[in-house]
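Subject: Structure for you to look at

Hello,

Please find the structure below, with its sequence. My notes come after it.

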Amino acid sequence: RARFAVGAVDGIPTLLMYPNGATAFEPLAEGIEDLQVSIGVDANNDGVITDGGLGSTTDEWIGNAPLDVLPAGTIRAVQIVLVSRDTAPLTGTASFYQPAVALNHDGSTTADNYRRRMLNTTIEIRNLAGSP
């Protein structure tokens, strides 16, 4: 097991890893400025994870709103979103924006000179007891 965080190394946003309870981090990937994780819990056992969208506290995705609480139920899926950016700004007029992350972050309204990419994946967990 490992713990992950986003920090800065030499002023560059970096994905950090704290391996197996360690207190010192290891830089894992430079240019990562956001990491989001959301857990899909089938709280009502209907075989479907209800998605209420960004900020919803009444859906079955935990981590897509502040103060979400993990309910009783079977964990069925995990969403992971990474936002990466260039490590050096482009020259010229600022025309790039930090994107809204579907889990719980609004996008930036201030332009800068960093190009970004958002990587989003949903992992369905099928080998747990009770999975359809």
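This is a predicted model: local features need pLDDT of at least 70, side-chain atom pairs count only at pLDDT 80 or more; totals for chains, interfaces and linings use all residues.

Residues are numbered from 1 along each chain as its sequence is written, and side-chain values use heavy atoms, with hydrogens and water left out.

The three-stranded sheet

An open sheet is formed by 3 strands in the order E1-E2-E3, with antiparallel pairing. Strands here are DSSP runs of E with at least two residues, numbered from the N terminus, and two strands pair if DSSP finds at least two bridges between them. E1 and strand E3 (26-30) are the edge strands, and each pairs on one side only. On average, neighbouring strands of this sheet are turned by 35° against each other, direction ignored. For that angle, axes are lines fitted to C-alpha atoms, and angles run from 0 to 180 degrees between N-to-C directions.

E2 and E3 run antiparallel and are joined by 4 bridges. Thr-14 lies in strand E2, and its bridge partner in E3 is Glu-30. Thr-14 is buried, with a relative accessible area of 3%. The cut-offs are as follows: buried means under 20% relative accessible area, exposed over 50%, and partly exposed in between, with a 1.4 Å probe and protein chains only. Leaving out residues up to four places away in sequence, Thr-14 touches several residues, among them Ala-5, Val-6, Pro-27, Leu-28 and Ile-32. Contact means heavy atoms within 4.5 Å. A polar atom of the Thr-14 side chain lies 2.9 Å from the backbone oxygen of Ile-12. A polar contact is a pair of N or O atoms within 3.5 Å; within protein, one must be able to donate a hydrogen and the other to accept it, and residues adjacent in sequence count only if both atoms are side-chain atoms.

The four-stranded sheet

Another open sheet has 4 strands in the order E5-E4-E6-E7, and the pairing is antiparallel. Strand E5 (61-62) and strand E7 (116-124) stand at the edges with a single partner strand each, so one side of each is left without a neighbour in the sheet.

Going along the sheet, strand E4 (residues 32-42) is joined to E5 by 2 bridges, and Ile-39 has Ile-62 in E5 as its bridge partner. E4 and E6 pair over 10 bridges, in the antiparallel sense. E6 and E7 run antiparallel and are joined by 9 bridges; Leu-82 has Leu-119 in E7 as its bridge partner.

Strand E6 (residues 74-85) is mostly covered, with 9 of its 12 residues buried. Gln-79 lies in strand E6 and stands opposite Ser-38. Is Gln-79 buried or exposed? At 14% relative accessibility, Gln-79 counts as buried. Its contacts, not counting residues up to four places away in sequence, include Val-37, Trp-61, Leu-103 and Thr-121.

Two residues with positive phi

Most residues other than glycine have a negative phi. Asp-10 has a positive phi of about 55° although it is not a glycine. Asp-10 is found in the loop between strand E1 (2-9) and strand E2 (12-19), and at 76% relative accessibility Asp-10 counts as exposed. Asn-45 also has a positive phi of about 55° without being a glycine. Asn-45 is found in the loop between E4 and E5 and counts as exposed at 58% relative accessibility.

Rings

How many aromatic pairs does the structure hold? The structure holds 1 aromatic pair. Tyr-18 and Phe-25 form this pair, which is edge-to-face, at 6.3 Å centre to centre and with 65° between the planes. Rings of Phe, Tyr and Trp (its six-membered ring) pair if their centres lie within 6.5 Å; planes under 30 degrees apart count as stacked, over 60 as edge-to-face and the rest as tilted. Tyr-18 is buried at a relative accessible area of 15%, whereas Phe-25 counts as partly exposed at 38%.

The charged end of Arg-3 sits over the ring of Tyr-18, 4.2 Å from its centre. Arg-85 lies over the face of Tyr-114, at 3.6 Å from the ring centre. A charge sits over a ring if NZ of Lys or CZ of Arg is within 6 Å of the ring centre and within 35 degrees of the ring normal.

Regards
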